[in-house]
Amino acid sequence: MSRATWARLTALCVLALATTACATLPQPTKVQDFGAAVSTTAGIFREAVSANRALAIRANQESQAQAYIRRRPYTLTETGDYTAVLVKADAQLAALAALEQYGKAITLAADQGVVDKLEQASVRLGEAAGGLVIAASPVAIPVAGPALKLTSRGVGFLLGNAYAGEIQAVLVARNASVKKLAEELDLSLEALGALLGAQLDQFEIERMATLDVIRRDRRVDALRLDGAYRTARTDLEGARALLSSLAKYKAALRALTEAHDALAKGEGSSEVAVRRFVALANDLADVLKAVRAAQ
C-alpha cells in the first residue's frame, strides 16, 4: 500500500471516529463546571464530621460550666464520656478527598489540557472506591494508554479540544467508581445526620440548663441574662444550619452521580444534569458560608 493511500485511509478513519464521537465528547466548559461543583460539595461532609466532635465537646463543657456556677467540683478538660459519640470517618474523608481531587483535575484538564493529573486523580478515585486508599499511594497504571491517547487527541483536535477524547475515556472508566463512592457517602451521611440531630438536642438541653442556673442567681441583672440568652441562640444556629443542609447534600450526591453518568455516556441531557448539579453545589457553598459565619 502506498504512503498516499495509507494517509487517506488514516484520515478517513480519524474523520469517521470524530463524526461518531461528536455527540459523545463533553464540551470543555461543561466539564469545567462539573469539576468545580464536585470540589464545592466536599466541604459539607467535612463540616458535619467536625460538628460531631464540636457538639460532643460543647455539651461536655456545658455540664462542667453548670458545676462551676453552682460551686461544685468541676474540671477544665473533657470528661471521658464525651468520646462515646465521636464518629470514625477516616475512610469516608479519604474517599471524599479523592473525589475532590478528581473534580479539580477534571477542571484543570478541560481548561488547560493537563490530563496526566486527571489520570492520577482517577486512579486514586478507583482506589478509594475499592477501599484501598493510602495517604501517599503510588500512582497505578494510567487509565488512558498511549494508543488511546493518540487516537482520542487526534479526534479531539478535530473537535476543537485536543484532550476531549482523553477526558471522555477517564469519565467512562471512573463512572462506576463515582457512583459507588456517592452511594457510600450517602449512607454514611444518613447515619451521621441522625447522630448530629441527637447531639444537637442534647446540647440544647445542656445549654438551657446552664441558662437556668444563671437565671437563678439573683445577682445577675436583666442585661447580662439577655446577653447569655442571645449567645446561646447563636451557639445553636450554626449546628442547626448544618443539619438542615445535609438533606441538600444527599440531593447533591444524587445529582453528582447523574451528571457524571450523563457526561460519561455522552447523553444529550448532560447539560441539564450538570446545571442541576452545579446549582445544588452553589446552594451548598452558600450554606457552608452561613454555617461558618454562625460558628
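Good morning. Let us begin with Tyr68, which is found in helix H2, residues 28–69; helices here are DSSP runs of H or I with at least four residues, strands are runs of E with at least two, and both are numbered from the N terminus. The model is a predicted one, in which local features need pLDDT of at least 70 and side-chain atom pairs count only at pLDDT 80 or more, while totals for chains, interfaces and linings use all residues. Residues are numbered from 1 along each chain as its sequence is written, and side-chain values use heavy atoms, with hydrogens and water left out.

Is Tyr68 buried or exposed? Tyr68 counts as exposed because its relative accessibility is 52%, where exposed means over 50% relative accessible area, buried under 20%, and partly exposed in between, with a 1.4 Å probe and protein chains only.

Turning to the whole chain, there are nine helices and zero strands. Of its 295 residues, 42% count as buried.

Finally, helix H8 itself. What follows H8? The residue after H8 is Gly266, with a positive phi near 65°. Within H8, there is a bend of about 30° at Leu246, the bend being the angle between axes fitted to the seven residues ending there and the seven starting there. Thank you.
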